[in-house]
Amino acid sequence: MTSCTDTAAWAALQGHFEAHGRGLDLREAFARDAGRVAALGFEAPEVWADLSKNLIDTATLRYLLELARERGVEARRDAMFRGEPINTTEGRAVLHTALRAPEGAPALVGAPPGAGPFGTEVHDVLQAVLDYAENVRKDWTITDVVNIGIGGSDLGPQMVVKALDAYTQAGQRLHFVSNVDGHDLMPLLDRLQPNKTLFIVASKTFTTQETLTNAHAARDWFLSQGGQHIERHFVATTCNVEAAAAFGIHTTFGFWDWVGGRYSLWSAIGLPIAIAVGGERFRELLAGAHAMDRHFAETPAERNLPLLLGLLDVWYRNFHGFTSRSVAPYHQGLARLPAYLQQLELESNGKRVDEAGRALAVGTSPVVWGEPGTNGQHAYFQMLHQGTDVIPVEFIAVKTPSHAQAEQHRKLLANCLAQSQALMLGKTAAEAAAEAAPTAAPGVDPAVLAQHRSFPGNRPSTTLVLDALTPRALGALIAMYEHRVFTSGAVWGINSFDQWGVELGKALAGALLPRLKSGDTAGLDASTAALLQRLRS
Ligand code: F6P
């Protein structure tokens, strides 16, 4: 495959950017075109997306869609759904979509019935996970469930459990421990009683240092505190059933190497979600994701929301040169969504070579970051409005809350709408001057103040609207993000499904560990040697 920059579509986009893109003014675009929202508003299962406040017009989309066509994005998507080994560096299929295909539906799109690595296996394991979760939910001797895992074995379940708080039953608390730092696990253990606690050791590989260290510490604590029947209090979710057995865990729920860690909340890794919300809700989460899978697989590119969002990411990253995207969920339940997206997007697309191993000519994954609204407004929105960098913002608004505070919810939504409006409209120095003059403190030059109080505007944003944060809507939203990441990765021609970039640090940490004990600094670079000496206990 050639580089994306060698395509005719890329050259055409560059021309379009120079002629119309760079200078596009949102205020003028809205004034010119009464149909802008209709043309740039997109409906997908459970999600309506307003792309009209982005620095695009319908011509931009046409050029971007041509790029997607030339890069074979849809063909690659179909290959993923067919179970082809598109994770080329690991020789694996990428089939998290098969985890949410309803029973009886063809899990592999376009493949003969019964084809694929699973048959009924996926649904058998799902049922076993959900049955086990129901038993835990009914077991009132268990008051606390602790998920020990990191990365994809933590962020997805943790984010979803918080988001679906309104659906959780009272009486059982879910905890998530991930960091190898003992400050994560130990203060939690101080509050728990061993015979009332269930530990889930969640690790796809069952080799991850952080998770195994915490699992060992939890087991030591359990035994030292007089815990009984360890086999009832420790279960594992993993692809490595043998390693879990060697650890001494006999209740294990498995999954498969074609489920990437950051795409695994739909598998047995979702056990804490099923315990929190129950099997029926878990199935609704899967159904929402499946509806989005079908949208991605079947909707023509020009109305295909994840595909369009992925193309928008390419447009901003490579043509406008924006290096980051801020996510602002206006729902406290989505507080962990930015952290979840950081792994999904940055571990998937933070790559510098293409599939053939050639250095890329363009930048890839933008930095994704954010906090729930309105909190972010009182922290970093200053920079979004008046800083020197343009950072596209993604607002997520939920129409109906799960609480009864109608006025509070209206305030939340008013803030959400106001922020995207303010980013777009800005305020001219003349407008600011009219305001500044009467209010300027003594000794403050009103003309200078007006400069400080003006806003450039024309700053882009997307608003995603959900009717309610139901399991189904959340499933659809997450799947939308997964397929969006797939799309930009496909345009760039990278493997979005490996993560070799995490390996070097892991290996070096392994080599430094004994040196922290021995104090041996021989052969280390001077900085690391000095730091090690200072930190040695
Ligand atoms: O180090 C990165 C990573 O491999 C992630 O991709 C993964 O989600 C995480 O570690 C945890 O891995 P595991 O589930 O195998 O413990």
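This is a predicted model: local features need pLDDT of at least 70, side-chain atom pairs count only at pLDDT 80 or more; totals for chains, interfaces and linings use all residues.

Colleague: Which residues belong to which domain?

Modeller: Domain 1 is made of 4-70, 299-425 and 460-498, domain 2 covers 120-283, and domain 3 is 502-536.

Colleague: How far apart are the C-alpha centres of domain 1 and domain 2?

Modeller: Those centres are 33 Å apart. For the contact itself, domain 1 supplies 26 residues and domain 2 supplies 17 residues.

Colleague: And how many salt bridges cross that interface?

Modeller: The rule finds one between domain 1 and domain 2. Arg-262 and Glu-347 pair through their side chains, with 2.8 Å from N to O.

Colleague: Which elements give two or more residues to the domain 1 side?

Modeller: Helix H15 (337-349) and helix H20 (471-492) do, on the side of domain 1 that touches domain 2. By class, that side has 13 nonpolar residues, eight polar ones and five charged ones.

Colleague: Let's switch to the whole structure. How many salt bridges are there by this rule?

Modeller: The count comes to 30 salt bridges. One of them joins the side chains of Arg-69 and Glu-66, at 2.7 Å from N to O.

Colleague: Where do Arg-69 and Glu-66 lie?

Modeller: Both are in helix H4 (residues 58-70), three residues apart, which is about one turn of the helix.

Colleague: Nice. What about aromatic pairs, how many does the search find?

Modeller: It finds 18 aromatic pairs in the whole structure. Among them, Phe-17 and Trp-315 sit edge-to-face, 5.6 Å centre to centre and with 85° between the planes.

Colleague: Why does that pair tie together parts that are 298 residues apart in sequence?

Modeller: Because Phe-17 is in helix H1 (residues 8-21), while Trp-315 is in helix H14 (residues 305-320).

Colleague: Last topic, the backbone. Where is there a cis peptide bond?

Modeller: Gly-373 and Thr-374 are joined by one, with omega about 10°. Thr-374 is in the loop between strand S9 (367-369) and helix H16 (381-386).

Colleague: And which residue has a positive phi although it is not a glycine?

Modeller: Glu-46 does, with phi about 70°. Glu-46 is in the loop that runs between strand S1 (41-44) and strand S2 (47-50).

Colleague: Great, thanks for the tour!

Technical notes. Residues are numbered from 1 along each chain as its sequence is written. Side-chain values use heavy atoms; hydrogens and water are left out. Domain bounds come from an automatic or database domain assignment. Contact means heavy atoms within 4.5 Å. A salt bridge is a side-chain nitrogen of Lys or Arg within 4 Å of a carboxyl oxygen of Asp or Glu. Helices (H or I, at least four residues) and strands (E, at least two) are DSSP runs, numbered from the N terminus. Ala, Val, Leu, Ile, Met, Phe, Trp, Tyr, Cys and Pro count as nonpolar, Asp, Glu, Lys and Arg as charged, and the others, Gly among them, as polar. Rings of Phe, Tyr and Trp (its six-membered ring) pair if their centres lie within 6.5 Å; planes under 30 degrees apart count as stacked, over 60 as edge-to-face and the rest as tilted.
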